[in-house]
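Trainee: I have a model open and would like to go through it with you. Can we take it piece by piece?

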Amino acid sequence: MKASQLLCLLLIVIALVGHANAQESKTINIATEGAFPPWNSVNSSGEIEGFDVDVGKALCERAKISCRFVAQAWDGIIPGLTVGKYDAVMAGMSITEKRKKVIAFSEPYALTSNYFVVANSTGLPAMDPAAAVDLSSDNSATRLLLEALRSNLKGRILGVQGATNAEAFVREVLGGDVEIRTYDKQDNLNLDLLAGRIDGGLADYSVWKAFLDADGGKVASLYGPRISGGVFGPGVGIGLRKNDSNLIRLFNRGILAMKQDGTLKSFSMKWFGIDMVSTP
């Protein structure tokens with residue numbers, strides 16, 4: 001090979017290596033809602049914090065990549081990802097088949113448990129608080145619990161955060177039996193519940209816990225069975241573009257390691273007070 005050809009080849013290799021290094025050193029932008037505590041919220045100093053943020057920072061540190069969290073309204077969070085506004089979404093987002101048609105997901109880094117919370121003044125018929133409904137299992141026990149829930153809540157006004165799995169469940173299962181009000185943020189739903197404008201709502205347990213533990217939350221209580229599976233998916237994952245296979249692989253490797261060494265569980269205990277990571 002001639003010296004000129006060798007020089008040309010060397011320059012190409014150097015350029016490729018430089019490009020690869022630039023890609024590796026790129027800052028990864030991770031979107032979160034910033035209004036979904038304790039998953040994510042904005043503190044008094046204007047900083048985004050929460051379970052999602054702690055997990056994301058730990059994953060980036062393990063992968064040796066620079067990451068920055070940015071706030072994004074929930075209703076535009078998936079479109080923003082697909083058009084390249086940011087590189088990943090960590091916002092307490094459940095993995096569902098509908099979302100998987102548009103984006104990819106990492107392995108779950110947390111599980112979900114959904115409950116109705118109703119005002120104590122409603123005087124609804126009692127239901128077993130230890131009961132559980134797995135929407136992935138269509139059996140007689142599940143059907144009986146859902147029918148009891150539908151009957152007991154008939155005619156009530158229920159709130160849900162818009163464009164969430166909770167809204168999808170209430171519309172699909174309770175349908176015309178209840179009046180549904182949608183909210184842009186869970187905080188606004190909570191305010192209406194405290195003010196008596198709605199009778200109750202449906203959300204993830206982790207969200208309700210923060211509300212019920214507050215002084216004002218004493219006016220309401222968990223109601224009915226724990227609801228999981230089906231429309232709520234197998235758990236919470238990182239939303240990613242389908243063609244970002246390297247990032248998907250990096251995050252999956254980190255999630256597995258953090259499950260095994262207890263890091264995810266420690267973050268869960270810090271923010272939720274319970275283990276939201278380990279499979280029952």
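Trainee: Which residue stands opposite Tyr115 in S12?
Mentor: Tyr115 has Ala203 opposite in S12. This is a predicted model, in which local features need pLDDT of at least 70 and side-chain atom pairs count only at pLDDT 80 or more, while totals for chains, interfaces and linings use all residues. Residues are numbered from 1 along each chain as its sequence is written, and side-chain values use heavy atoms, with hydrogens and water left out.

Trainee: How many bridges pair S8 with S12, and in which sense?
Mentor: Strand S8 (residues 114-119) and strand S12 (residues 200-204) are antiparallel over 5 bridges. Strands here are DSSP runs of E with at least two residues, helices are runs of H or I with at least four, and both are numbered from the N terminus. Two strands pair if DSSP finds at least two bridges between them.

Trainee: And which sheet do they sit in?
Mentor: An open sheet of 6 strands, in the order S9-S13-S8-S12-S10-S11, with mixed pairing. Strand S9 (132-134) and strand S11 (179-183) are at the edges with a single partner strand each, so one side of each has no neighbour in the sheet. On average, neighbouring strands of this sheet are turned by 30° against each other, direction ignored.

Trainee: Which helices lie across those strands?
Mentor: Helix H7 (residues 186-195) lies across S8, S10, S11, S12 and strand S13 (220-228), at about 160° to S10. Helix H8 (residues 205-213) lies across S8, S12 and S13, at about 125° to S12. Axes are lines fitted to C-alpha atoms, for helices over the stretch in contact, and angles run from 0 to 180 degrees between N-to-C directions. Contact means heavy atoms within 4.5 Å.

Trainee: Switching to S1. Are its faces covered or open?
Mentor: Both faces of S1 are covered, with Ile28, Ile30 and Thr32 buried on one side and Asn29 and Ala31 buried on the other. In the count for strand S1 (residues 28-32), 5 of its 5 residues are buried. Buried means under 20% relative accessible area, exposed over 50%, and partly exposed in between (1.4 Å probe, protein chains only).

Trainee: What does S1 pair with?
Mentor: S1 pairs with S5 in the parallel sense over 5 bridges, and Ile28 has Cys67 as its bridge partner there. S1 is also joined to strand S6 (residues 88-89) by 2 bridges, again parallel. On that side, Ala31 is partnered by Val89.

Trainee: Next, H6. How many of its residues are buried?
Mentor: In helix H6 (residues 165-174), 7 of the 10 residues are buried. They are Asn165, Ala166, Glu167, Phe169, Val170, Val173 and Leu174. Gly175 follows H6, with a positive phi near 45°.

Trainee: How do H5 and H6 cross?
Mentor: The axes of helix H5 (residues 140-153) and H6 come within 11 Å and cross at roughly 90°. The two helices are therefore roughly perpendicular, the class for 65 to 115 degrees; under 35 counts as roughly parallel, over 145 as roughly antiparallel and the rest as oblique. Leu146, Arg150 and Leu153 of H5 make the contact with Phe169, Val173 and Leu174 of H6.

Trainee: Where is Asp54, and what does it touch?
Mentor: Asp54 lies in helix H2 (residues 51-63). Asp54 counts as buried because its relative accessibility is 17%. Leaving out residues up to four places away in sequence, Asp54 touches Phe267, Lys270 and Trp271.

Trainee: Which residue other than glycine has a positive phi near 60°?
Mentor: Lys64 does. Lys64 is in the loop between H2 and strand S5 (67-71), and counts as exposed at 73% relative accessibility. Ala163 also has a positive phi, of about 60°, and is found in the loop between strand S10 (157-161) and H6. At 47% relative accessibility, Ala163 is partly exposed.
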